[in-house]
Amino acid sequence: MGSLFRSEAMCLAQLFLQSGTAYECLSALGEKGLVQFRDLNQNVSSFQRKFVGEVKRCEELERILAYLVQEINRADIPLPEGETSPPAPPLKQVLEMQEQLQKLEVELREVTKNKEKLRKNLLELIEYTHMLRVTKTFLKRNVEFEPTYEEFPPLENDSLLDYSCMQRLGAKLGFVSGLINQGKVEAFEKMLWRVCKGYTIVTYAELDEPLEDPETGEVIKWYVFLISFWGEQIGHKVKKICDCYHCHVYPYPNTAEERKEIQEGLNTRIQDLYTVLHKTEDYLRQVLCKAAESVYSHVIQVKKMKAIYHMLNMCSFDVTNKCLIAEVWCPEADLHELRRALEEGSVRWLGPDGRLELLDPQKERE
């Protein structure tokens with residue numbers, strides 16, 4: 001008998017396992033926790049062992065399960081943990097479990113992608129409505145010009161631009177409007193002045209409340225801007241500068257009727273997106289709740305299955321390649337339990353499927 005200060009008497013055992021029942025036998029041994037395996041393939045690389053493909057399959061299942069756990073935690077869904085530790089899945093159930101997990105992953109990724117796309121579109125439409133509301137106060141109708149043009153309120157006397165002169169030269173008045181991060185406003189205005197040589201008028205207004213960035217999801221303080229320019233060349237430069245500063249540019253209506261029509265269309269689309277987004281989130285939560293019921297047991301099963309294949313990689317094959325040979329250290333007092341575990345894991349009792357043979361610990365393996 002072993003004690004606190006002296007270990008138990010150990011023996012070196014050799015196991016002969018048929019290839020068809022080796023997985024089940026090692027699964028039963030693992031549940032007992034009786035033996036320690038010796039590596040009989042120390043000179044073989046990890047990538048050249050017999051069951052390396054099965055180990056990679058287990059790692060792929062671990063990746064899928066880690067993704068499921070991440071999504072479940074992100075949705076604040078409680079993850080129940082079973083009180084008992086389930087055994088490794090039988091081989092006939094491994095492929096079925098793999099197909100189910102892969103199908104679930106594909107479905108979750110598609111639903112999550114659609115949800116993020118809907119949310120991004122919704123945030124962009126909300127930004128557009130704020131831009132239309134704020135820029136409405138920038139410009140006023142001027143009946144002296146053509147019906148399709150609008151202009152800024154009267155400029156100061158020292159302005160570099162003359163509206164009447166530009167129209168006599170045939171230059172077309174254009175607008176670029178959108179939102180820009182608060183911290184980039186000063187540099188953005190300086191760049192416009194240097195590149196466009198003063199042939200632009202920029203008007204800013206700070207939004208009352210910060211908005212979420214559709215690209216990053218970060219809540220940011222935004223400024224609404226409206227740039228008036230003359231000529232297509234200046235317009236191309238303005239748009240390139242907006243792209244460089246990651247501005248969110250939206251089409252600007254030329255008339256009040258067009259503005260009203262766009263605003264009504266935006267309100268309708270926003271309501272529709274809210275409805276679709278809520279339904280998508282409800283469906284996603286249902287799928288995650290169902291996955292949370294079994295994800296804990298699947299994680300334990302995959303870990304045990306991977307451990308079994310690691311132990312099988314430590315075994316060697318006989319000359320016929322139909323029988324696996326393993327060497328294990330086991331307490332002498334547990335030899336009976338070791339035989340019972342082999343019996344449970346084999347289709348037949350030790351006879352043709354597996355047998356155990358004791359070796360002399362001092363004798364080197366032939």
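**Entry 1: α1 against α7.** I began with helix α1 (residues 22-32) and α7, whose axes come within 10 Å and cross at roughly 115 degrees, which makes α1 roughly perpendicular to α7. I was working throughout on a predicted model. I noted that α1 passes α7 in a right-handed crossing. On the α1 side I listed Ala22, Tyr23, Leu26, Ser27 and Glu31 as the contacting residues, and on the α7 side Lys304, Met305, Ile308, Tyr309, Met311 and Leu312. Sorting this contact by class, I have 8 nonpolar, 1 polar and 2 charged residues.

**Entry 2: α2 against α7.** Next I looked up helix α2 (residues 52-74), which packs with α7 at an angle of about 155 degrees, the axes being 9 Å apart; α2 is therefore roughly antiparallel to α7. The crossing of α2 and α7 is left-handed. From α2 I wrote down a set of contact residues that includes Glu54, Arg57, Leu61, Leu65, Leu68 and Ile72, and these belong to a group that meets α7 residues, among them Leu288, Ala292, Val295, Val299, Val302 and Tyr309.

**Entry 3: α3 against α7.** I then turned to helix α3 (residues 91-135), which packs with helix α7 (residues 256-312) at an angle of about 155 degrees, with the axes 7 Å apart, so that α3 is roughly antiparallel to α7. Here too I recorded a left-handed crossing, that of α3 and α7. I have the residues of the contact of α3 with α7 as 28 nonpolar, 9 polar and 6 charged.

Entry 4: In the model I find the span of residues 94-128 to be 100% helix and 0% strand, and its end C-alpha atoms lie 51 Å apart.

**Entry 5: the sheet.** I traced an open sheet of 4 strands in the order β4-β7-β3-β8, with antiparallel pairing. Which strands stand at the edges? I found β4 (200-206) and β8 (248-250) there, each with a single partner strand, so one side of each is left without a neighbour in the sheet. On average, neighbouring strands of this sheet are turned by 25 degrees against each other, direction ignored. For strand β3 (residues 173-181) and strand β7 (residues 222-230), which run antiparallel, I noted 9 bridges joining them. As one point to locate by eye in this pairing, I marked Gly174, whose bridge partner in β7 is Phe229.

Methods:
Residues numbered from 1 in each chain as written. Predicted model: local features only at pLDDT ≥ 70, side-chain atom pairs only at ≥ 80, totals over all residues. Heavy atoms only, no water. Axes fitted to C-alpha atoms, helices over the stretch in contact; angles between N-to-C directions. Helix = DSSP H or I, 4+ residues; strand = E, 2+ residues; numbered from the N terminus. Parallel < 35°, antiparallel > 145°, perpendicular 65-115°, else oblique. Left-handed = near helix turned anticlockwise from the far one by under 90°. Nonpolar A, V, L, I, M, F, W, Y, C, P; charged D, E, K, R; others polar. Pairing = 2+ DSSP bridges. Contact = heavy atoms within 4.5 Å.
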